[in-house]
Amino acid sequence: MGNDVEPVLDRIRRALVELDEEAFLSAVEEALQSGVPARRIVFEAMSKGMEEVGKLFEVGEYFLAEMIIAADMFKKAMSKLQPVLDKEAPSSGTVRGKVVIGTVEGDVHDIGKSLVASMLRAAGFEVVDLGVDVPAERFVEAVEKHRPHILAMSALLTTTMKNMEKVISLLEKRGLRDKVRVIIGGAPTTPEFAEKVGADAWARNAIEAVKKCIELSKSLDHATS
Ligand code: B1M
């Protein structure tokens, strides 16, 4: 499967940007039926479409309503794609450890966080999803309660990414920082920011997040053995 896939991916991306739900969902279905891997549909078409929707919002061509419609379309498509993504996961069946995940306080963006959560589950992690707008205290309580190997935080707003630092400081205050590995991600974050706030890892997207969490869980195995 090569360049012949590009036209349908392009139609999916465009239909999402144009908020044409019918064309969008039928192009997603068509791509699935013709054997296009679900991850290509999600990452090469739908995620790119969402970025464009964001750009149109930024320049004032789209408003909140359009972002809500696009998010709703994305979620509808995900309900079809999720079972296929799960099957495509390289290592389903392997138990890799526990992850607590959430979107930080003040931030309600959940599509990327949920994608990371579901791909981690498919890769064999047990995932406790705290949802969105999660205060630092609740992240820390969840670490105390669930004793995860990894704490994963998502932020989509430049105004909320600083809340990741709050969580890490609170973990330190409670003496929990060395008991858990921390990974962060989300559009405004960078590897430099991750380093600055004291996270152990940063991932650009959900695929990379799975790779990094596997590495982190291995590093914990070494630390505890
Ligand atoms: Co909002 N929004 N939004 N929004 N929104 C952005 C993020 C924005 C970039 C749009 C823009 O202006 N270009 C902008 C932020 C600007 C900034 O701070 N730099 C923005 C804004 C301003 C806002 C509001 C403030 C608008 C307003 O009210 N005036 C408001 C804030 C609400 C709040 O949170 N308090 C708001 C609201 C919303 C909606 C509710 C309408 C809706 C979200 C619906 C939902 O999530 N249920 C929404 C949407 C849809 C977007 C855009 C268009 C798309 C986000 C998305 O779902 N992408 C977005 C534009 C953009 O991102 N370029 C935008 C698809 C998803 C698969 O990708 O979430 O990036 P993403 O996740 C990726 C990676 O980032 C990464 O992997 C994921 C999958 O590959 N990743 C991780 C994410 N978390 C990770 C964690 C990890 C590792 C990787 O490890 C733990």
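The legends below describe several views of a predicted model.

Residues are numbered from 1 along each chain as its sequence is written. Local features need pLDDT of at least 70 and side-chain atom pairs count only at pLDDT 80 or more, whereas totals for chains, interfaces and linings use all residues; side-chain values use heavy atoms, without hydrogens and water.

**Figure 1. Secondary structure and overall dimensions of the chain.** The chain contains 9 helices and 5 strands (DSSP runs numbered from the N terminus, with H or I over at least four residues for helices and E over at least two for strands). Their order along the sequence is α-α-α-α-β-α-β-α-β-α-β-α-β-α. The C-alpha trace spans about 50 × 40 × 25 Å along its principal axes. Of the 225 residues, 48% count as buried (under 20% relative accessible area; exposed is over 50% and partly exposed in between, with a 1.4 Å probe and protein chains only).

Figure 2. The chain is divided into domain 1 (3-91) and domain 2 (97-224), with bounds from an automatic or database domain assignment. Their centres, taken over C-alpha atoms, are separated by 25 Å. To the contact between them, domain 1 gives 13 residues and domain 2 gives 10 residues (contact means heavy atoms within 4.5 Å).

Figure 3. Ala15 belongs to helix 1 (residues 6-17). This residue counts as buried because its relative accessibility is 4%. Leaving aside residues up to four places away in sequence, Ala15 touches Asp20, Ala23, Phe24 and Met73. Ala70 lies 55 residues from Ala15 in sequence, and the C-alpha atoms of the two are 9.8 Å apart in space.

Figure 4. Leu19 is placed in the loop between helix 1 and helix 2 (21-33). Although Leu19 is not a glycine, its phi is positive, at about 60°. Most residues other than glycine have a negative phi.

**Figure 5. Asp133 in the loop between strand 2 and helix 6.** The loop that holds Asp133 runs between strand 2 (125-129) and helix 6 (136-146). Asp133, a residue other than glycine, has a positive phi near 55°. With a relative accessibility of 37%, Asp133 counts as partly exposed.
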